[in-house]
Amino acid sequence: MDVIKLAKEAGWDDRLGFSGVEMPDFFERFAALVAAHEREACAKVCEKSSYSDEGDYFLESRAAAIRSLK
């Protein structure tokens, strides 16, 4: 995970600190971005998994369920 990239996307500026966002807003945005990144990583693990008694559809539906979490 590229934490610096996510922090910049949430409003962090290397030179100025918080750029155009209040600190609480920054942390909420940053936390949401990190959580979304982690959900996507988990969904990709499901999609790449080769073990399922129920077949590929089961793994794809698990990946979709993970992605739908907020």
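User: How many residues apart are F26 and F30 in helix α2?
Analyst: Helices are DSSP runs of H or I with at least four residues, strands are runs of E with at least two, and both are numbered from the N terminus. An α-helix has 3.6 residues a turn, so residues three or four places apart point the same way. F26 and F30 both lie in helix α2, and their spacing is about one turn of the helix: four residues.

User: What kind of model is this?
Analyst: Residues are numbered from 1 along each chain as its sequence is written, and side-chain values use heavy atoms, without hydrogens and water. Local features need pLDDT of at least 70, side-chain atom pairs count only at pLDDT 80 or more, and totals for chains, interfaces and linings use all residues; the model is predicted.

User: In what order do the elements run?
Analyst: The protein has three helices and two strands. Reading from the N terminus on, the order is α-β-β-α-α.

User: How far does helix α2 reach?
Analyst: Helix α2 covers residues 23-48, which is 26 residues. The expected span is 1.5 Å times one less than the number of residues. From its first C-alpha to its last, α2 is close to that expected value, reaching 38 Å.

User: How many aromatic pairs does the structure hold, and of which type is the pair of F26 and F27?
Analyst: Rings of Phe, Tyr and Trp (its six-membered ring) pair if their centres lie within 6.5 Å; planes under 30 degrees apart are stacked, over 60 edge-to-face, the rest tilted. The structure holds three aromatic pairs. The ring centres of F26 and F27 are 5.2 Å apart and the planes stand at 70 degrees, so this pair is edge-to-face.

User: And which type is the pair of F26 and F30?
Analyst: The centres of F26 and F30 lie 5.7 Å apart.

User: Is F27 buried, partly exposed or exposed?
Analyst: Buried means under 20% relative accessible area, exposed over 50%, and partly exposed in between (1.4 Å probe, protein chains only). F26 has 6% relative accessibility, so F26 counts as buried. F27 has 46%, so F27 counts as partly exposed.

User: Which residues of α2 are buried?
Analyst: C42 lies in helix α2, but its relative accessibility is 42%, so C42 counts as partly exposed. The buried ones in α2 are F26, R39, A43 and C46.

User: Are α1 and α2 parallel, perpendicular, antiparallel or oblique?
Analyst: Axes are lines fitted to C-alpha atoms, for helices over the stretch in contact, with angles from 0 to 180 degrees between N-to-C directions. Helix α1 (residues 3-10) packs on α2 at about 135 degrees, with the axes 8 Å apart. Angles under 35 degrees are roughly parallel, over 145 roughly antiparallel, 65 to 115 roughly perpendicular, the rest oblique. The two helices α1 and α2 are therefore oblique.

User: Which residues of α2 meet α1?
Analyst: Contact means heavy atoms within 4.5 Å. From α1 come V3, L6, A7, E9 and A10. Their partners in α2 are F26, R29, F30, L33, V34 and H37.
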